[in-house]
Amino acid sequence: MNKTMMKSSWLAAVLLAAAPAFAADSNEIERGRYLATAGDCIACHTAAGGKEMAGGLALASPLGPIVSTNITPSKTHGIGNYSLEQFSDALRHGKRADGANLYPAMPYTAYAKTTDEDIAAMYAYFMQGVPAVDAAPAQQTDLPFPFSIRASLSVWNALFHDATPYQPVASQTPEWNRGAYLSQGLAHCTTCHTPRTTLMAEDNLRALSGAEVGGWYAPNITSDAVSGIGGWSVQELVTYMQGQPVPGKGPAAGPMAEAIDHSLKHLTAQDLQAIAVYIKSVPAVTDAKLKQSADSFGQQTDALETVRGTAWPKEHDALTGAQIYDGYCASCHQVQGQGTEGDGLPALFKNTSLGHSNTNNLVQVVLHGIHRVGVDSVMPAFAHELSDKQVTSLSNYMLASYGNPEAKVTEAQVAKLRDPATSSDSGLVTLVRVGMVLGALVVLSLIGWLLVRRRKG
């Protein structure tokens, strides 16, 4: 019996054994709920104002927006007709029930590390613990050619996807292995924090060394003391993942805030400790652009005396960064950027938010604010009030005053980040199309050469 037949037999046996008491097994359903929470399924499969797990959220990618699908147990629009084996194939191999490939925006490349037992528990939860929503998302994924051809992902999977479940490392502790299992698998840390190659595969030689995701920067979380989280203690990492402020570290925003609010802060303290222990052990990768740690830049200072009492220019795009800071930021972050820690308003200096060489997160926070589940707003958005020029001036003033003075923000960067979900990397699309044309020419040339050779023979 080959491995595929053995796997199918095992899954069928699990499903048949569980079927008589499937709906009544509340412990298994609850365990599946916890695992689905660890996988942060709800964040991507729930649109703003939509029903949970019903899909419809447009996820930004270099190829264009990828719209999440309905994963409720609806038999007409969701996954209600999926067998356990089909559910497993979706999580481990990126295959829909109809055999079509899923885009790796669904992190099956990480979920593949999950054990068969945990996948079975998640199946129980999705089939019995999630309310069915009998409606399709209002929009569908529509990527440009050739990415619209899902069959082409079979080649990508063959080249870059390892569907082997996590194998414990015998030389490591159970805690470390648990942290590795969650980090590499359901928590899918590498999906966001690992840079991608030209063909959009994770660059494993630079694992967890930082990457851009939907216009946000997922920073270096390797053990490097300057570029990564080597200077963080295990407890600081746990506190951060619990959604609590950590002095000197910037607040979570964007996708990381979603991951904390929907997923990480709901995990047990033991699992968070295990994740922190594992992450602290990841081999260091250094960012040559960063000469000192992101939380060591800046000091309490201001240039507001030079602008107060001076009339604002008639053309508001001519406002200096100091003037914009005085008008929009000083009331909360204080005149000299010292903040008010007791009110949850952090100091801007010695703050990781302003210390990274990649400045996307600073721009994103100014434009779109920081939003947390259950809270109206941690920081308001200013996209509707400030122009690209003004956001650029303000950001560069804050970097020069409180952050990494070598880091810069450009107007083109701000314009792109206003709505990153609608932008795509036209260069990547063109590169792939050119590659396809060149490949076709090579094949045609080879065929022509063979025909000529045959005639001469």
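A salt bridge is counted where a side-chain nitrogen of Lys or Arg lies within 4 Å of a carboxyl oxygen of Asp or Glu. The model is predicted, with local features needing pLDDT of at least 70, side-chain atom pairs counted only at pLDDT 80 or more, and totals for chains, interfaces and linings using all residues. Residues are numbered from 1 along each chain as its sequence is written, and side-chain values use heavy atoms, without hydrogens or water.

**View 1. Salt bridge between aspartate 162 and lysine 113.** The closest N and O atoms of the two residues are 3.9 Å apart. Aspartate 162 sits in the loop between helix H7 (153-160) and helix H8 (174-184), and lysine 113 in the loop between helix H5 (108-111) and helix H6 (116-128), so the pair ties together parts 49 residues apart in sequence. Helices are DSSP runs of H or I of at least four residues, numbered from the N terminus. The count of salt bridges is 13.

**View 2. Lining of the largest cavity.** A cavity is a set of points on a 1 Å grid over the protein atoms alone where a 1.4 Å probe fits but cannot get out; lining residues have an atom within 4 Å of a point. Grid points are joined across faces, edges and corners, and the volume is the space filled by probe spheres set on them. The structure holds one cavity of 30 Å³ or more, and the largest cavity has a volume of about 50 Å³. Ser209, Tyr217, Pro219, Asn220, Ser227, Asp287, Leu290, His356 and Ser357 form the lining.

Technical notes: 1 Å grid on protein atoms, 1.4 Å probe; cavity = no way out; pocket = protein on both sides within 12 Å on 5 of 7 lines; lining within 4 Å. Helix = DSSP H or I, 4+ residues; strand = E, 2+ residues; numbered from the N terminus.
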